[in-house]
Amino acid sequence: MRFLPVAGEAVLIAEGRHRVMVVADVHLGIEYELWLGGANVPSQTGKLLNHLLALMKAHEPDRLVVLGDLKHNVPRTSWQERVEVPDFLNALSQILEVTVVPGNHDTGLRDLAGGAEVCEPEGTVIDGIGYFHGHTWPGPEVLSAKSLVTAHLHPSIRLVDPLGASRSERVWVRAFSNEHGKEIVVMPAFNPLCGSLPLNEMNDEKGPIMKLVDLSRSMIYLLDGTYLGRLGEIIATQRYRKR
């Protein structure tokens, strides 16, 4: 089994007995929340679907795992999600097997799943790889897998130029568990509208992942594959530059 992040994309290919494409934090229906806040953003579901279909055509997976937070609104499901989530999953399920690992935003998802499989929130194991969203502790079978893939954090790094201007860039996180040294990959969010968590500015814990790994020692990569260093080194360098 090997992991192949798709260059420039928040998409992972896991190669084993199956060729599995993994995406996380799609957050269909986030436009409804933005509309409630006064921002009129057209639905991006069709655009996200077409982009994912193009990636599937290019990389030819035989299975798709959506690693949590397929939908956005909680605790209620918006009218937009009731229409768009089933259409989204049915379009994908006509091409390949789709498994959704529920996240904290996926309340009521089973009623919208169409032809997709919705597993338990504790996660699932495919070809020895444990997949869980990260808002809740993974199940024993997932935790005992050879490697783990998780999401939930929407990880990014805040980059600051010499003039003080800053921007956040989505990143991949490659870490190793504290107890057994197994590899844990934290997925970036697939939907760029759903915001991100700058790991180099994070002050509080965000789910079980913080107990599984020493995040300061994790290796950080931009979506294009650029290695930025270990998170602790990035933070230390920024502190030094502020002196």
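Predicted model: local features only at pLDDT ≥ 70, side-chain atom pairs only at ≥ 80, totals over all residues.
**Entry 1: two helices**

I began with a pair of helices and noted that α2 and α3 are roughly parallel to each other, because angles under 35 degrees count as roughly parallel and theirs is about 10°. I looked up where the two helices lie: α2 covers residues 45-59 and α3 covers residues 79-93. Their axes are 11 Å apart. I also checked the handedness, and the crossing of α2 and α3 is right-handed.

Which residues make the contact between α2 and α3? From α2 I listed Thr45, Leu48, Leu49, Leu52, Leu53 and Met56. From α3 I listed Gln80, Glu84, Phe88, Ala91 and Leu92. I then sorted the contact of α2 with α3 by class and found eight nonpolar, two polar and one charged residues.

**Entry 2**

Next I turned to the strands. Six of them form an open sheet, in the order β1-β2-β3-β4-β5-β6, and the pairing is mixed. Which strands stand at the edges? They are β1 (2-5) and β6 (117-118), and each has a single partner strand, so one side of each is left without a neighbour in the sheet.

I followed β1 to β2, which spans residues 12-15. The two strands run antiparallel and are joined by four bridges. One detail to find by eye is Leu4, which stands opposite Ile13 in β2.

Then I went back to helix α2 to see how it sits against the strands. α2 lies across β2, β3 (19-23) and β4 (63-66), and it runs at about 155° to β3.

**Entry 3: Asn191**

I picked out Asn191, in the loop between β12 (183-186) and β13 (197-198). Is Asn191 buried or exposed? Its relative accessibility is 2%, so I wrote down Asn191 as buried, the cut-off being under 20%.

I wanted its contacts too, leaving aside neighbours within four places in sequence. Asn191 is in contact with Asp25, Val26, His27, Ile30, Leu48 and Arg170.

**Entry 4: Leu153**

My last stop was Leu153, in the loop between β9 (147-150) and β10 (155-160). Leu153 has a relative accessible area of 5%, so I noted this residue as buried.

How far apart are Leu153 and Leu197 in sequence and in space? I noted 44 residues in sequence and 6.4 Å in space, C-alpha to C-alpha.

Terms used: Residues numbered from 1 in each chain as written. Heavy atoms only, no water. Axes fitted to C-alpha atoms, helices over the stretch in contact; angles between N-to-C directions. Parallel < 35°, antiparallel > 145°, perpendicular 65-115°, else oblique. Left-handed = near helix turned anticlockwise from the far one by under 90°. Contact = heavy atoms within 4.5 Å. Nonpolar A, V, L, I, M, F, W, Y, C, P; charged D, E, K, R; others polar. Buried < 20%, exposed > 50% of the residue type's maximum accessible area, 1.4 Å probe, protein only. Pairing = 2+ DSSP bridges.
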